[in-house]
Amino acid sequence: MTLTLKHFDTKLKLDTRVEEKIENSLAEYLYPDVEFAIGTVYPGSTTAQDLKEHEGKTLQFAAGERMYFASDDKVRDRIYPNASDGAAYGSLLFTPCRDFKELKNLRLIVIDDATGENGGFLPLDVAKNLVGDCYGKISLDLAEELTGNSNTPFQFRLGIKEQEKNPVARIAKGTLAPFRLEQVGEALIRDNGKTGYDMVLATSSFKGRKGEDAIAPGEYNLTVGLGIKTLAEYGKHSLGTQILVNYPRAVEADMLPRLELDAMILANIQSDPRKIAQHYVETYERRKALVNAKGESKISDFSGDLALDVESVFSNLGESGELNPEQQQQQDQLVYRLLEADLEGHFQILEHPKIIAELQEFVRASWVDIATGRAIKFNSGLAQPSLKLAENEICVPYIPEGEEIIVTRSPLVNSNGVIVLTNRHLPEVMKLSGTVHIHPQTAADNLQADFDGDRLAFAHKRDFPTLAAEVKEYNLPANRYPDVVKKAKVPYQGTFAEIAVSAMENKIGLIANEIQKNVALQWETQLMPKEEQYGYLRRISAHLSNIGAKHKNGEIKIPEEILKQITPIAKLPTSLTTQHVEQGLREVRNLLRSLVGELSNELQVAVDGPKSALRPDESILKYCQEICNYNSVVWLTDKKNPEAFLNRGMKTTNHSPIDLMVKQTNQHFEENQLIARPTEQFRALYPGVEFTQAHKDQATTIKNTYNGLIKEAIRLEEKRKLEPGPSLIITSATSGRQIEVTNLINSNVSDQPSPIWGQQNLDIRIELNPKQNQKTPQSFVAVLLKDPITQASIPPRPIGTVSQASAREHNLKAGMTIKQGKVSFQPGVSKSMVEAAFSKASEYLETLSNSTSESEKLPLAAALHNITHTEESHLYQGRKKASVAFAAFPDQIIGQLKELQFTNLSVVGTHQSSSEHNGRNWQGEKVSIKIELDADPRDPNIW
């Protein structure tokens, strides 16, 4: 089952020539005759007006920035009678699944997971124990049929078409655990002669129909479509800054020794291609082993302190940061296979420019993980409910009973979301794979978790004893943050397009970062050297005095309870004693803690955004940010900087737990000395393999085609980063010159939409870019001179930046004007467009492989390798990666690595006057030689 969706630009109503394929989705099952498309949108610029019908398709579903248009304008009503559910649960229909099957005559029972109500077929207490929030059961035989295992719960998507016993379509999501259902209750004999049920579903799993329209608890015999999204499996969970910023004592006692050992090991191996390649292979294998783990033995095999969090380490190792997960996995696997083969063989390509580039990024990412604590890992498993557990208990089958376990989940709101529970074994779940069972009340109150696929991270107390003690301390009533107040959801109003635009807003990351900054500043008041405290408090006092003045002037609104905390800090005595300083910093800390409580509530509002019209209170966010602006926390932004740990450490200027890790890592960091050899030195990888001129010609075509596709994908990626959104081409009526104006979506002034959309002619002037920076490097902006509708002169208004390509091509200067220039608009570059561009290159090579006979692959691979590893001109080409040679024929290269291929050396330069062997007539003498790596004299970077 493959659903193909074309992409178009909603603002310009232009096809972007991108097609996206979704495998095994409910949309295709429920609506086989409906055509779907995705409309590209631009947050902050796209309006409801932009989301009108396009080519016979109307907006029917939304999921954040993904707008789903359909050829049938009634499809949403058939599954979500309440229009806002099309935005709250729009993604469910388009979730790709690993497998999908239609199950006929499925005998199931639906149970209200809050009350146990089930139509009277089961006792309430029995029924309630079978379900949870989005959690149900599946019979052992059906689980075996669908997954090949009778002990592996899985995450699912379920669709029910209109049918005799179910007159309306329904959709459900959640997790199902294998269970002996044949003897549950007094169910009638099924068609196959068995008793019991095939499936038990919770009412909470069903989405989109409420009130009288909701599915009633009871027995059903239906035909359903079931998609298996993911299987339960144990894995690893990185802690990182969001968790560790809360625990200074644990960082110092439990984390720093581990991280220092990691850093020392990495520093020792990072410049040796063999050692770092081996580390890459072991890290990759650790990830694969964990992903495939099904039980205790696999976990214990791969839970060493030095194992890096591979999900983050491998996330930046592709040709581009825009690779989708499948593309990234393919890239990682290719590098892994090449390194594994070379390490098992003769180390023949470890110094190839492509391999060195991959290893250098691997090293950099590893340093980042050490500095930010992502190298510290918990185990993780699929969350499952059990009412048989007490609220202070958990069931992790392979950890001994009675042991204390630290538990958390991502994303973390604040330190309330890390708890310590006691392990208790439940006999009925001990054989289930990849799961962690917990009382549902504990999951909801402490972890904001349900059971539709959430994962819990956990670790044995003995592995992190200080962390366990600190977690317990901060969960004491006197130390906890106020519990998050989950505000009542507010129904959306307006058209579905208006709802979709509103639901697109996402401030989760912004608020989460603000909480991290706040907590870092809290600890700074305690961890900074005493000699810095006096001046630090004075600066805070002056800052808060200005904040108070802004409040009086009406620039910001601060509630009275927060003002009461600000006032004593803002009005410090003229003369400060040590006690005054200590008291003042304590008051600062209490103020910041109060702000975390406010921010935590707003974060919950942001998380609920797709399901509620309520939005984070901007006034609260503003005063929280303003108050904390007395100091910056530089590692928050620098940890995402690709220059961090390239040739410098990570920036750190504070005194938080994270700064302790960063400073320690910086002390051990040194730039790696991995040096690639010239590409042409690897040309002889296929000695003795003969190829014809026809092979060379075809190889040249392959190289040029693939490289062209990759260059175009990289160009689109750069354009998306620097020039997001649509662009316009304005053509001069006199000279015919065409200038591209970009960043149009950032040109709104005072929340007023730009007046350029849909216009055919504009008057503009080129001016210097007053806001030129790293994110907006364009030298010029285009300024609108006349109202495009009335043609009246207006104050100059920027409409966008002039593309760098246009500025170079036409040697543009500030002051140049174009009057009544003809305008045409171009779609913006979306993430999907970039992914599709890289996919096009991969698909080209896949088609090539499928169309090339096995007998032709080796000579063609040899020809391709030859032309990509041959110096093309007198210009220095020694560092080109020749990626196409590896990507097109990996199996052939791996085959060559099994035997030593580089058996002949060519010695050049003996004719130079400086050579001691100048003029010598060699007669086959045997001499000893010494091989050293030196700079290539052709390298223009060598002076």
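## Salt bridges

A salt bridge is counted here where a side-chain nitrogen of Lys or Arg comes within 4 Å of a carboxyl oxygen of Asp or Glu. In this predicted model, the side chains of glutamate 717 and lysine 721 meet in such a bridge, with 3.6 Å from N to O. Both residues belong to helix α23, and because they are four residues apart there, about one helical turn separates them. An α-helix has 3.6 residues a turn, so residues three or four places apart point the same way. Glutamate 717 is itself buried, with a relative accessible area of 4%.

Aspartate 452 forms a salt bridge with lysine 173, in which the closest N and O atoms are 2.8 Å apart.

Another bridge joins the side chains of lysine 57 and glutamate 35, at 3.5 Å from N to O. Lysine 57 lies in the loop between β3 (36–40) and β4 (58–63), and glutamate 35 in the loop between α1 (26–30) and β3, so this bridge ties together parts that are 22 residues apart in sequence. Lysine 57 is buried, its relative accessible area being 12%. Elsewhere, Asp72, Arg78 and Glu162 are linked in a network of salt bridges.

## Helix α26

Helix α26 covers residues 854–868, and its 15 residues reach 21 Å from the first C-alpha to the last, close to the 21 Å expected at 1.5 Å a residue. Eleven of the 15 residues are buried, so the helix is largely enclosed by the rest of the structure. Among these buried residues are Lys857, Pro859, His865 and Asn866, together with Leu860 and Ile867. The buried residues of α26 pack against α23 (693–722), α25 (831–851), α27 (883–888) and α28.

Leucine 864, which lies in this helix, is buried with a relative accessible area of 0%. Leaving aside its neighbours within four places in sequence, leucine 864 is in contact with Ala699, Ile702, Lys703, Val884, Ala885, Ala888 and Phe889. The C-alpha atoms of leucine 864 and threonine 701 are 9.5 Å apart in space, although the two residues are 163 places apart in sequence.

## Cysteines

The structure holds zero disulfides. For cysteine 624, the closest cysteine sulfur is that of cysteine 628, at 6.9 Å, which is too far for a bond, since a disulfide requires two cysteine sulfur atoms within 2.5 Å. Cysteine 624 counts as buried, at 1% relative accessibility, and cysteine 395 is likewise buried, at 0%.

## A nonpolar patch on the surface

On the surface, Leu905, Trp922, Val927, Ile929 and Ile931 form a nonpolar patch, with about 570 Å² of accessible area together. One of its members, isoleucine 931, lies in the segment after α28 (890–897). At 66% relative accessibility, isoleucine 931 counts as exposed, because the term applies to residues over 50%.

Notes. Residues numbered from 1 in each chain as written. Predicted model: local features only at pLDDT ≥ 70, side-chain atom pairs only at ≥ 80, totals over all residues. Heavy atoms only, no water. Buried < 20%, exposed > 50% of the residue type's maximum accessible area, 1.4 Å probe, protein only. Patch = residues over 30% accessible without salt bridge, like charges linked within 9 Å, V, L, I, M, F, W, Y side chains within 5 Å. Areas by Shrake-Rupley, 256 points an atom, 1.4 Å probe, with all protein chains shown as cover. Helix = DSSP H or I, 4+ residues; strand = E, 2+ residues; numbered from the N terminus. Expected span 1.5 Å × (residues − 1). Contact = heavy atoms within 4.5 Å.
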